[in-house]
Amino acid sequence: MLDSAANRAEKTRGLDEEAFAALYAHTASGLFAYLLRVCGNRDDADDILQECYCRYLVAARPAMDEGQTKSYLYRIAANLLRDRWRRVQSHARVLPGVVPKAADGPDTNILAHLQQLSQREQVLLWLAYVERATHKEIAAATGLQPGSIRILLFRARRKLAKALRSAPNESE
Amino acid sequence: MSRPYCEREEEAARCVSAPSPDLAEHLKSCEICAEVLTVSAFLQNSARRALAGTPMPSADVVWRKTMLTSRRAAKQRALWPISVINVFALTAAALIVVWLMDAGVMDTVRAGASEHALSGSWPKLMVGAAIVAIISVAFASMYMLWPSRTERKAQAST
């Protein structure tokens, strides 16, 4: 009975399993790549991705187009990443040396460049240049004013470009 | 650089792999578009490399996990009024015991009370119990009939 109640609740929001699969196919890869880059490990990225979609499906939300859905998902992801970061910080305080670092590998330089940016700058640049989101969608994802996106994007871009200029092979 | 944007930066972000000759010419003189191209190429390459060889969780797994979470939430919602009524009933019972003790009924009962002594307190007790029962039933009925906040929002949005 509870199972059918959950299914019914989902159907009232206009999304059954098939529609969800289509939505997931359109939106998940960019978000997953972003989470992999920001978290630096697959397990955390997996967990956060799944939690993002769970929260998206369970939330009472108005009808959205694809761009708005992406913004909504990135907003959830940003909140989850912030929670994770706080947890990692408190673990690092309580158990120094226990918190694992991202493994060394061919992508270590990419991670190092991204980690020079704040979380807000990372999501701004990712939405603008990987997801090709509009300023309005970026504002919805980050909770910033649409009018301030252009200048914040400019500053974040400049910061990353400066870091990349010091290691030019990464931009190719 | 006097301004933080260029009219052609969208185009520069789109044409990372093969900028048109016209755009390539523009890139030589526009620092903003050159930056956009560098950053876009880096981030898009970074996304491709992140996904290469890293399988994503399937939509099916995420859907099932969500259904499980929904069921758990529905169960909690269903059990919530029961726990509230439990607390309510326990509080009412405690109050009634205090009231009975205050009225001296317990002492009277313990001492083998006369019919006359009880006749003053029991009607009050019955009225009290009836009020508690009515409030409990009203509360439970209201819960059953009132749609949840989630359902109301979903109805409003459709």
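**Helical packing and the A–B contact in a predicted model**

In this predicted model, A:Leu35 touches A:Ala45, A:Ile48, A:Leu49 and A:Ala77, leaving aside residues up to four places away in sequence. Two residues are in contact here if their C-beta atoms, placed from the backbone, lie within 7 Å. Residues are numbered from 1 along each chain as its sequence is written, while chains are lettered from A and ligands numbered from 1 in the order in which they are written. As the model is predicted, local features need pLDDT of at least 70 and side-chain atom pairs count only at pLDDT 80 or more, whereas totals for chains, interfaces and linings use all residues.

Together with A:Leu31, A:Leu35 has the most contacts inside the largest nonpolar core, which has 58 residues. H2(A) gives the largest share of this core, 10 residues. A nonpolar core is a set of buried Ala, Val, Leu, Ile, Met, Phe, Trp, Tyr and Cys residues joined through C-beta atoms within 7 Å. A residue is buried if 20 or more other C-beta atoms lie within 10 Å of its own, exposed if 12 or fewer, and partly exposed in between, with C-beta atoms placed from the backbone.

Chain A holds 8 helices and 0 strands. Helices (H or I, at least four residues) and strands (E, at least two) are DSSP runs, numbered from the N terminus. Of the 172 residues in chain A, 35% are buried. Contacts in chain A between residues at least 6 apart in sequence join residues at least 24 apart in 62% of cases.

H3(A), with 17 residues, reaches 24 Å from first C-alpha to last, close to the 24 Å expected at 1.5 Å a residue; the expected span is 1.5 Å times one less than the number of residues. Its buried residues include A:Ala45, A:Ile48 and A:Leu49, which are among the residues that A:Leu35 touches. A:Glu51 of H3(A) is buried as well. Helix H7 (residues 135–142) of chain A is mostly covered, with 6 of its 8 residues buried, among them A:Glu137 and A:Thr142. After H7(A) comes A:Gly143, with a positive phi near 80°.

Chain B has 7 helices and 0 strands, and 15% of its 158 residues are buried. Contacts in chain B between residues at least 6 apart in sequence join residues at least 24 apart in 55% of cases. B:Ala93 lies in helix H4 (residues 59–102) of chain B. B:Ala93 is exposed because 12 other C-beta atoms lie within 10 Å. Its C-alpha atom is separated by 9.0 Å from that of B:Ala129, 36 residues apart along the chain.

The contact between the chains takes 47 residues from chain A and 36 residues from chain B. On the side of chain A, H2(A) supplies the largest share, 12 residues. That side divides into 30 nonpolar, 5 polar and 12 charged residues, where Ala, Val, Leu, Ile, Met, Phe, Trp, Tyr, Cys and Pro count as nonpolar, Asp, Glu, Lys and Arg as charged, and the others, Gly among them, as polar.

Confidence deserves a friendly word of caution. Chain A averages a pLDDT (the predictor's confidence in each residue, from 0 to 100) of 79, and 78% of the residues score at least 70. Over residues 1–6 of chain A, pLDDT stays under 50, and the model has 9 contacts beyond four places in sequence for them. Where pLDDT is low, the predicted coordinates should not be read in detail.
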